[in-house]
Amino acid sequence: MTSREKILSAVKANQPDLAILPDVDFLLQEDIDVPEKFIAALTAIGGQVIAVENYAVIKAFIAKNVEQSSRKITTVSELADIAEYIEDNIAKPHSLENVDYAIIEADLAVAENGAIWVTEDKIRTRVLPFITQHLGVIVRRGGIVPTMHQAYNKIGLNDYGFATFIAGPSKTADIEQSLVLGAHGARSMTVFLMS
Amino acid sequence: MSEIQNTTNHAELAEVFNNDEARVDWHDETLWWIRSKRDVAVNKISNWEVLREAASQIKNNVLSNLSNYLQQFESNALSNGITVHWATDAKEHNQIVLSILEKHSIHQMVKSKSMLTEECHLNDFLEANGIDVIDSDLGERIVQLAKEMPSHIVLPCIHKKKEEIGELFHQHLGTPAGNADPQFLTETARQHLRDTFLTRRAALTGVNFAIAETGEFVVCTNEGNADMGAHLADVHIASMGIEKIIPERKHLGVFLRLLTRSATGQPITTYSSHFKRPNKDKEMHIIIVDNGRSIQLGREDFRNSLKCIRCGACMNTCPVYRRSGGHSYHNAISGPIGSILAPNLDMEKYADLPFASTLCGSCTNVCPVKIDIHQQLYKWRQVIVKNGYVPAAKKASMQIMNWTLSSPTVYHTAGKAGRFVLKYAPFMVSNKLNPWYKHRDMPEPPKESFGEWYKKNRGN
């Protein structure tokens with residue numbers, strides 16, 4: 001008998017009588033003031049939210065706040081004139097090790113916890129939002145949902161190779177519970193909230 | 001690590017921890033502070049109890065249909081291009097990891113947090129086989145440098161003072177002696193481990209949730225270390241216990257809302273990464289591990305322990321854990337949940353753990369998936385005694401208790417003797433030989449028992 005068969009037969013022999021799977025769709029009803037809550041939640045976990053009307057405002061913000069000589073990457077075609085634009089998966093993700101600022105776009109964000117949802121096609125290269133020193137994300141107001149239940153309802157069974165929720169900058173409190181931003185991932189996260 | 005594994009008695013190990021009273025107070029207060037943050041986060045969710053109940057029912061369904069879900073998960077993962085391995089025990093799991101590394105001639109691996117690999121003692125095994133393993137979670141890296149086990153499943157070095165961490169970094173990473181600033185030490189680890197991430201061809205991660213419906217798995221971190229390792233490596237190995245399965249993707253909505261609020265009071269971890277297919281030209285492996293779990297599934301009184309999502313809330317709230325430290329449990333998973341999981345693996349070795357509790361029930365109250373932890377602790381005690389695994393002194397005293405309580409004459413005589421001793425010879429019990437006297441004063445004895453008083457006052 002293979003290990004697979006051994007495990008499956010032991011599990012089958014020992015599992016209790018079938019307990020029904022509860023319906024969790026009723027949890028979709030929760031209603032909260034969406035954009036305001038999102039801003040409060042993301043700010044509380046160390047992120048920053050900037051309200052913008054268009055891409056020109058984002059460009060102006062970056063010109064003002066990110067050093068001219070730093071390496072900037074974007075997956076957003078509208079920003080191709082201010083940062084290296086990447087269209088496809090980069091074969092050697094290690095080449096992104098010196099990226100200072102990455103700007104990506106997300107279609108979905110969650111008010112209750114400040115998380116944004118990005119699938120592989122939004123970031124092109126999986127490691128990008130983690131390896132960059134600082135992360136900027138463009139989110140549309142209409143893309144914010146109240147809770148994780150609505151988020152997964154929207155995600156449905158969409159296909160992706162990799163996807164992630166990102167909520168604020170990378171952080172740790174492993175040393176005496178002192179919160180430090182910038183553990184291994186991005187040191188800061190700025191959401192450009194577009195109306 | 002060796003020191004901890006050789007001594008196998010919670011009370012003795014707790015006594016070692018209690019030698020430093022100031023540290024115990026600090027440990028106690030730190031964990032209680034985290035428990036308080038949990039309460040604040042939980043109180044912001046209006047339907048928290050509904051969520052807990054939903055999570056509990058989903059997990060009950062998982063356990064009752066696990067063999068089907070495992071096969072569904074496997075078949076979806078396979079069609080996603082993931083290689084699936086099955087390991088009946090720790091030894092087989094470790095061997096599979098080694099064989100994957102050997103196939104690629106890889107001698108160095110970076111690892112993110114996985115309590116399962118701690119349970120399997122993977123690091124020791126790989127090191128004995130010439131593989132260099134670096135733990136990348138900051139807390140895990142710290143205990144790895146200190147050659148210790150994590151003392152907490154979510155906060156691996158919660159028992160360490162920053163000065164001790166500063167000293168470890170000074171010795172191993174060359175930071176200036178005496179610098180114990182958390183910001184500075186974290187930055188040092190970031191720089192040091194960035195180089196590790198960029199040069200390792202293999203990365204191992206744990207699994208928080210594996211979704212049967214889609215064949216994907218989710219890994220949660222705050223630091224981003226699992227993603228840095230996995231996305232930069234050619235080979236990603238993910239180790240999971242059979243109980244990590246959840247039926248559908250939408251159930252993540254329930255579990256991700258509960259997990260970090262229960263753990264640290266955060267609304268969600270910084271990263272909740274969903275791995276569905278290997279990256280182009282890369283390999284992704286999943287090792288599904290039993291290691292005693294299917295036996296626990298068959299123990300009606302204890303199978304609920306397999307619902308655990310490893311948030312650590314039961315440890316943060318436990319009055320015994322907070323004052324005895326994680327290492328006193330001499331098991332990869334400490335605290336109340338560790339105390340109901342460990343005896344399943346080795347009843348004799350972990351016979352002491354179900355007794356390391358006041359049975360106050362606080363663990364059960366905070367558990368996000370409604371595991372009846374304190375009731376299982378109580379039930380394990382009975383199983384352990386029946387199987388003869390209690391220490392001789394406890395066994396003898398319980399036999400005397402049994403003899404005393406089953407005879408009214410003996411009971412009354414014993415009561416009289418007890419009151420006499422406490423009154424005229426308190427030193428007989430208030431001495432170091434009596435463990436109940438530690439940190440306590442024995443009570444003032446009443447002049448007479450209730451029975452004697454009743455006879456005198458109400459007796460016809």
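## Crossing of α10 and α11 in chain B

In this predicted model, the crossing of α10(B) and α11(B) is left-handed, a term that applies if the near helix is turned anticlockwise from the far one by less than a right angle, with right-handed standing for clockwise. The contact involves B:Lys162, B:Ile165, B:Gly166, B:Phe169 and B:Leu173 on α10(B), and B:Pro182, B:Leu185, B:Thr188 and B:His192 on α11(B), where two residues are in contact if their C-beta atoms, placed from the backbone, lie within 7 Å. By class, five nonpolar, three polar and one charged residues make up this contact; Ala, Val, Leu, Ile, Met, Phe, Trp, Tyr, Cys and Pro count as nonpolar, Asp, Glu, Lys and Arg as charged, and the others, Gly among them, as polar.

The axes of α10 (residues 162-173) and α11 (residues 182-199) of chain B come within 11 Å and cross at roughly 35°, the axes being lines fitted to C-alpha atoms, for helices over the stretch in contact, with angles that run from 0 to 180 degrees between N-to-C directions.

## Basis of the model

Residues are numbered from 1 along each chain as its sequence is written, while chains are lettered from A and ligands numbered from 1 in the order in which they are written. Because the model is predicted, local features need pLDDT of at least 70 and side-chain atom pairs count only at pLDDT 80 or more, whereas totals for chains, interfaces and linings use all residues.

## The two chains

The secondary structure of chain B comes to 22 helices and 10 strands, helices (H or I, at least four residues) and strands (E, at least two) being DSSP runs numbered from the N terminus. Chain B has a radius of gyration of 25 Å, close to the 23 Å that the globule rule gives for 460 residues, so it is as compact as a globular protein of that length; the radius is taken over C-alpha atoms, and the rule is 2.2 Å times the number of residues to the power 0.38. The C-alpha trace of chain B spans about 90 × 55 × 45 Å along its principal axes, and 49% of its 460 residues are buried, that is, with 20 or more other C-beta atoms within 10 Å of their own, against 12 or fewer for exposed residues and values in between for partly exposed ones, with C-beta atoms placed from the backbone.

Chain A has six helices and 12 strands, its C-alpha trace spans about 65 × 45 × 40 Å along the principal axes, and 47% of its 195 residues count as buried.

## A sheet across the interface

Eight strands form an open sheet of mixed pairing, in the order β8(A)-β5(A)-β6(A)-β9(A)-β9(B)-β6(B)-β5(B)-β8(B), where two strands pair if DSSP finds at least two bridges between them. At the edges stand β8 (144-145) of chain A and β8 (245-246) of chain B, each with a single partner strand, so one side of each is left without a neighbour in the sheet.

Between the chains, β9 (residues 162-166) of chain A and β9 (residues 271-275) of chain B pair in the antiparallel sense over five bridges, and A:Phe165 stands opposite B:Ser272. Within chain B, β5 (residues 209-211) and β6 (residues 216-221) pair in the antiparallel sense over three bridges, with B:Ala210 opposite B:Phe217. In total, 69 residues of chain B are in contact with 61 residues of chain A, and the side of chain B that touches chain A has 28 nonpolar, 27 polar and 14 charged residues.

## Loop residues with positive phi

B:Asn291, in the loop between β10 (283-289) and α14 (293-298) of chain B, has a positive phi near 40° and counts as buried with 22 C-beta neighbours inside 10 Å. B:Leu359, in the loop between α17 (335-345) and α18 (362-366) of chain B, has a positive phi of about 60° and counts as partly exposed with 17 C-beta neighbours inside 10 Å.
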